[in-house]
Amino acid sequence: MTGWVKSLLADASGAPDDGRVMAILAILVALCLAVYSVVWQHRAFDMQQYGIGIGALFGGLGAMLKLRGGN
């Protein structure tokens with residue numbers, strides 16, 4: 001099981017891929033926020049607004065990494 005998770009989070013060379021890790025963390029955070037919103041606050045969770053926000057965050061991060069160049 002651990003090998004499967006490591007291969008899921010790694011690129012072709014076996015090094016951890018930051019983009020894949022961030023994407024999985026974004027999904028886990030969305031699920032946790034949805035549960036918190038529905039169970040404890042008794043409100044609907046708007047996944048579309050979360051998706052727009054996290055997409056803007058990832059877009060800005062990608063642009064920053066592209067402008068910064070290879071370090």
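Helices are DSSP runs of at least four residues, numbered from the N terminus. The model described here is predicted. By that definition, the loop between α2 and α3 is the place of His-42.

The overall fold comes first. The protein chain holds three helices and zero strands. Along the sequence, the pattern reads α-α-α. The radius of gyration of the protein chain is 16 Å. The globule rule gives 11 Å for 71 residues, and 16 Å is well over that value, so the chain is more spread out than a compact globule. The C-alpha trace spans about 45 × 35 × 15 Å along its principal axes.

Burial and surface were examined next. Of the 71 residues in the protein chain, 8% are buried. The accessible surface of the chain comes to about 5700 Å². Carbon and sulfur atoms account for 69% of that surface. Contacts were also sorted by separation along the sequence. Among those with a separation of 6 or more, 20% join residues 24 or more positions apart.

Helix α2 covers residues 18-40. It has 23 residues, which at 1.5 Å a residue should span 33 Å. The end C-alpha atoms of α2 are 32 Å apart, which agrees. Four residues of α2 are named as buried: Ala-26, Ala-30, Ala-34 and Ser-37. The buried residues of α2 pack against α3.

Ser-37 shows how one of these buried positions is placed. The relative accessible area of Ser-37 is 7%. Buried means under 20%, so Ser-37 counts as buried. Neighbours within four places in sequence are left aside in its contact list. Ser-37 then touches His-42, Arg-43, Ala-44 and Phe-45.

Leu-25 also belongs to helix α2. Its relative accessibility is 47%, so Leu-25 is classed as partly exposed. Leu-25 and Ala-56 are 31 residues apart along the chain. Their C-alpha atoms are separated by 16 Å.

His-42 follows α2. Phi of His-42 is positive, near 55°, and the residue is not a glycine. His-42 has a relative accessible area of 67%. Exposed means over 50%, so His-42 counts as exposed. Ser-37, one of the contacts of His-42, is by contrast buried.

Helix α3 covers residues 47-68. Its 22 residues should span 32 Å at 1.5 Å a residue. The end C-alpha atoms of α3 lie 31 Å apart, which agrees. Asp-46 caps the N-terminal end of this helix. A side-chain oxygen of Asp-46 lies 3.3 Å from the backbone nitrogen of Gln-48. Just after α3 comes Gly-69, with a positive phi of about 85°.

Phe-58 lies in α3. Its relative accessible area is 29%, which makes Phe-58 partly exposed. Ala-26 is one of the buried residues of α2. Phe-58 can also be compared in position with Gly-19. These two residues are 39 residues apart along the chain. Their C-alpha atoms are separated by 8.9 Å.

Aromatic rings were considered last. A pair of aromatic rings is described by the distance of the centres and the angle of the planes. The count comes to two aromatic pairs. One of them is formed by Phe-45 and Tyr-50. The ring centres of Phe-45 and Tyr-50 are 6.2 Å apart, and the angle between the planes is 45°. Planes under 30 degrees apart count as stacked and those over 60 as edge-to-face, so the pair of Phe-45 and Tyr-50 is tilted. The two partners fall into separate accessibility classes. Phe-45, at 25% relative accessibility, is partly exposed. Tyr-50 has a relative accessible area of 18%, so Tyr-50 is buried. Phe-45 is also among the contacts of Ser-37.

Terms used: Residues are numbered from 1 along each chain as its sequence is written. This is a predicted model: local features need pLDDT of at least 70, side-chain atom pairs count only at pLDDT 80 or more; totals for chains, interfaces and linings use all residues. Side-chain values use heavy atoms; hydrogens and water are left out. Helices (H or I, at least four residues) and strands (E, at least two) are DSSP runs, numbered from the N terminus. Buried means under 20% relative accessible area, exposed over 50%, partly exposed in between (1.4 Å probe, protein chains only). Contact means heavy atoms within 4.5 Å. Rings of Phe, Tyr and Trp (its six-membered ring) pair if their centres lie within 6.5 Å; planes under 30 degrees apart count as stacked, over 60 as edge-to-face and the rest as tilted. The expected span of a helix is 1.5 Å times one less than its number of residues. The radius of gyration is taken over C-alpha atoms; the globule rule is 2.2 Å times the number of residues to the power 0.38. Accessible areas come from the Shrake-Rupley method with a 1.4 Å probe; for residues, only the protein chains shown count as cover. A polar contact is a pair of N or O atoms within 3.5 Å; within protein, one must be able to donate a hydrogen and the other to accept it, and residues adjacent in sequence count only if both atoms are side-chain atoms.
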